[in-house]
Amino acid sequence: MQNKIAHLPVLRQLVQKYLNLKKNDIAVDCTLGLGGHSKDILRKIGSGGLLIAFEQDEQNLKIAKENLREYKNIVFVHSNFINLTETLIKHRLNGKINGILLDLGLCSSHLELENRGFSFKKDEPLDMRFSKELNRLTAEEIINKYSAKKLAEIFRNYGEEKYAFKIATEIEKIRRKTPIKTTGELAKIIERIIPHRHYEHIHPATRVFQALRIEVNNELEVLKNVLPQTIEALAPHGRLVVISYHSLEDRIVKHFFKFQARTCICLPHILICQCKHEPSIKILTKKPVRPSENEIKTNPRSRSALLRAAEKI
Ligand SMILES: C[S@@+](CC[C@H](N)C(=O)[O-])C[C@H]1O[C@@H](n2cnc3c(N)ncnc32)[C@H](O)[C@@H]1O
């Protein structure tokens with residue numbers, strides 16, 4: 001079954017262009033997935049290079065290991081990428097990395113494999129954990145235990161869902177009688193609340209499911225935490241490439257890049273710079289780079305991708 005699961009790497013050529021890796025380089029793929037981008041990296045760095053690849057999802061890691069079995073110069077790390085510094089220190093590689101990739105979020109496999117609970121198109125237990133071994137909190141626990149106020153906040157903040165409060169109140173009403181256990185049950189509740197005219201070309205449950213996934217996996221906090229670690233990890237002129245799939249993630253990356261690239265950090269009322277602050281990166285993408293129409297046609301999942309890249313000074 002595993003070989004049938006495929007994930008088309010997004011913005012493939014541009015990722016390699018911005019990573020700008022050479023033979024014998026050392027690279028980190030923070031989000032191995034099924035190994036698509038990693039394979040391109042391994043080809044670039046050749047057998048004299050080294051790739052450290054993080055993946056927290058046991059099922060994806062297993063498939064990626066199989067997909068990359070011909071390569072000997074890859075170290076697979078079954079861990080959240082939040083442990084980047086710790087892992088690199090262990091391998092004596094912190095500060096020596098030539099290129100780091102973060103291709104955030106979901107893999108096609110999360111929607112295709114059984115019982116992961118990410119898809120509103122299936123009826124299965126509400127899980128949504130990237131790792132069943134490393135994470136404890138499930139979407140079912142959130143839906144049945146969080147207060148309606150907290151649920152509404154999550155749907156609004158992480159899903160930008162206009163009907164957040166109404167959906168949360170309905171969930172609270174229903175779960176008083178019987179717990180909500182499956183993706184199908186939750187999707188039906190949302191379908192009943194959101195009027196048809198507001199479907200906006202996407203399934204009405206899309207936003208709430210995105211919000212729940214972000215909360216289950218603590219995705220925004222983990223991203224905020226890893227970004228400074230990536231700068232420390234890079235060698236001078238090393239490159240960082242981040243692909244995000246929604247504006248919340250992209251905003252975090254944009255602000256982080258801007259902050260790190262600042263030449264002055266004096267308070268606004270100080271007219272002549274006194275800080276002599278040195279920027280730590282040079283931004284390579286003024287605006288986020290998006291996939292072409294052609295790529296979106298062949299790989300619809302790429303439509304929301306936003307790539308930003310920077311180089312360590
Ligand atoms: C968009 S997919 C990456 C696809 C990959 N670039 C490829 O070409 O196959 C994102 C992957 O990163 C993993 N992931 C997401 N957040 C993670 C984290 N904080 N730590 C480790 N892995 C993570 C997910 O489980 C998923 O497999």
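This is a predicted model: local features need pLDDT of at least 70, side-chain atom pairs count only at pLDDT 80 or more; totals for chains, interfaces and linings use all residues.
Okay, a definition to start: when I say polar contact, I mean a pair of N or O atoms within 3.5 Å.

At Phe-81, a polar backbone atom sits 2.9 Å from a nitrogen atom of the ligand. At Asp-103 the side chain does the work: one of its N or O atoms is 2.8 Å from a ligand nitrogen. Then there's Gly-36, where a polar backbone atom is 3.3 Å from an oxygen atom of the ligand. And how much of the ligand does the protein bury? Taken alone, the ligand exposes 600 Å², and 98% of that is buried by the protein.

Okay, next up, the largest pocket. We're talking about 1,100 Å³ of space. It has 32 lining residues, and closest to the centre you'll find Leu-106, Thr-206, Gln-210, Arg-303 and Ser-304. The largest share comes from α10, with 5 residues. If you sort the lining by class, you get 12 nonpolar, 12 polar and 8 charged residues.

Where does this pocket sit relative to the domains? It lies between domain 1 (2-109 + 219-312) and domain 2 (116-217), because both of them give residues to its lining.

Note on methods: Residues are numbered from 1 along each chain as its sequence is written. Side-chain values use heavy atoms; hydrogens and water are left out. On a 1 Å grid over the protein atoms alone, a cavity is a set of points where a 1.4 Å probe fits but cannot get out, and a pocket is an open set with protein on both sides within 12 Å along at least five of seven lines; lining residues have an atom within 4 Å of a point. Grid points are joined across faces, edges and corners, and a volume is the space filled by probe spheres set on the points. Helices (H or I, at least four residues) and strands (E, at least two) are DSSP runs, numbered from the N terminus. Ala, Val, Leu, Ile, Met, Phe, Trp, Tyr, Cys and Pro count as nonpolar, Asp, Glu, Lys and Arg as charged, and the others, Gly among them, as polar. Domain bounds come from an automatic or database domain assignment. A polar contact is a pair of N or O atoms within 3.5 Å; within protein, one must be able to donate a hydrogen and the other to accept it, and residues adjacent in sequence count only if both atoms are side-chain atoms. Accessible areas come from the Shrake-Rupley method with a 1.4 Å probe; for residues, only the protein chains shown count as cover.
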